[in-house]
Amino acid sequence: MPFDHYAIIESTLREGEQFSTATFTSGQKLEIAGLLDDFGVEMIEMTSPCASPQSEADIRAVVGAGLNARILTHIRCHKGDAIRALDTGVDGLDIVIGTSPKLMEHSHGKSISEIIDLAADVLEFVRQQAPNTVLRFSTEDTFRSRESDLLRVYLAVADLGMVNRLGVADTVGVALPQQVHALVSQLVRLTGLDVEFHGHNDSGCAVANACAALEAGATHIDTTVLGIGERNGITPLGGLIARLYTLDRAYVAKYNLKLLARVDHVVASICDLEIPFNNYITGSSAFIHKAGIHAKAVLADPATYEILRPQDFGLTREVAIGHRLTGWNAIRERAVVLGLNLDELTLRAVTQDVKQRADIQPLALHEIDTLLMAAAGQSA
Ligand code: HCA
Ligand code: CU
């Protein structure tokens, strides 16, 4: 099964650093890397050492932290970048070059033949310098590149026999799951190499596209915490986990799921963000049930309306009862919690009272408690 053998390349410390409000201090990078390692991601990708002196020092610090996760850095297809990257002691290099007509014209100005020659030159050089370093070659803006150009580049790179992994990048978040599936399947079939998927979320398909990539045989998925990255970011770590968990909990059993909320909160706070209310798993409303019909069923069996079990993530569900959509089963549950033994008629009467009051303004829990206790006093 494709989902049995995949690895997460966690790029909060690379793609995530490209998010508008992200500027990580060295201490914060070590904290985030440590948390991600405890969570169990297989690889952590860091900003190129060529970005700034601190970026280079931070890679060395994270490499020196002795984590289980392999540490990668992300560089241009450039010998000078590769020399500096190898010198930091990272386990792998993620090399990228644009292949779409737009990036060929405005990013580096090279033709496809020149890209292939450059890739051969750089990859052969890196392989000579570092026979054991894990090497990945990716095209940037893959899904706006011409298919014939992509195949020329990927097949030429695969033929060199120098790289461990090919990467495909939906740089502008334009790809559909079917397109991702078709390209990844083709690369797996034609090259037999590991394939990595990196997907932006501009049009809301980043999680679906990552899932499609895995279905097609991709071995590595790029994520960031909360999905932070350029513009509105990439596949979020929690979103990928939610997607795979709902296919089969076994697919994410290798991760320490109870740490996800902490990871999300730490990165949100460092970036001065609120976790969105509708965030996968850790959003404030992810496990709140409201309508009476939902509340009744969830109280009987949470699986009626819950595909993710909050307790697996160290979280709890909430049944909201102080609103006009409430039902008497939910009110009864509250009475039971309070140790009140009320008959159905009384509970229904309290429920009607709550609905009427909530038409004006939702009630806080303590207000419902007061109504329930008053009803208990009267019926005693
Ligand atoms: C970017 C580069 C990149 C690279 C992805 C990769 C993208 O535009 O900043 O190397 O897999 O989205 O193409 O993040
Ligand atoms: Cu990106």
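## Terms and model

Buried means under 20% relative accessible area, exposed means over 50%, and partly exposed lies in between (1.4 Å probe, protein chains only). By that cut-off Glu15 is buried, with a relative accessible area of 2%.

This is a predicted model: local features need pLDDT of at least 70, side-chain atom pairs count only at pLDDT 80 or more, and totals for chains, interfaces and linings use all residues. Residues are numbered from 1 along each chain as its sequence is written, chains are lettered from A and ligands numbered from 1 in the order in which they are written, and side-chain values use heavy atoms, with hydrogens and water left out.

## Copper site

Glu15 (OE), His198 (NE2) and His200 (NE2) coordinate the copper ion (ligand 2) at 2.1 Å. Donors are N, O and S atoms within 2.8 Å of the metal (3.2 Å for Na, K and Ca); water is not among the atoms, so sites may look incomplete. The donor spacing in sequence is E-x182-H-x1-H. Glu15 and His200 link distant parts of the chain, 185 residues apart. Glu15 sits in the loop between β1 (7-10) and α1 (26-39). His200 sits in the loop between β7 (194-199) and α8 (206-215). Helices (H or I, at least four residues) and strands (E, at least two) are DSSP runs, numbered from the N terminus. His200 is buried, at 4% relative accessible area.

## Positive phi

Most residues other than glycine have a negative phi. Asp272 has a positive phi, near 60°. It lies in the loop between α10 (260-270) and β9 (288-289). Asp272 is exposed, with a relative accessible area of 70%.

Ile281 also has a positive phi, near 65°. Its place is the loop between α10 and β9. Ile281 is buried, at 3% relative accessibility.
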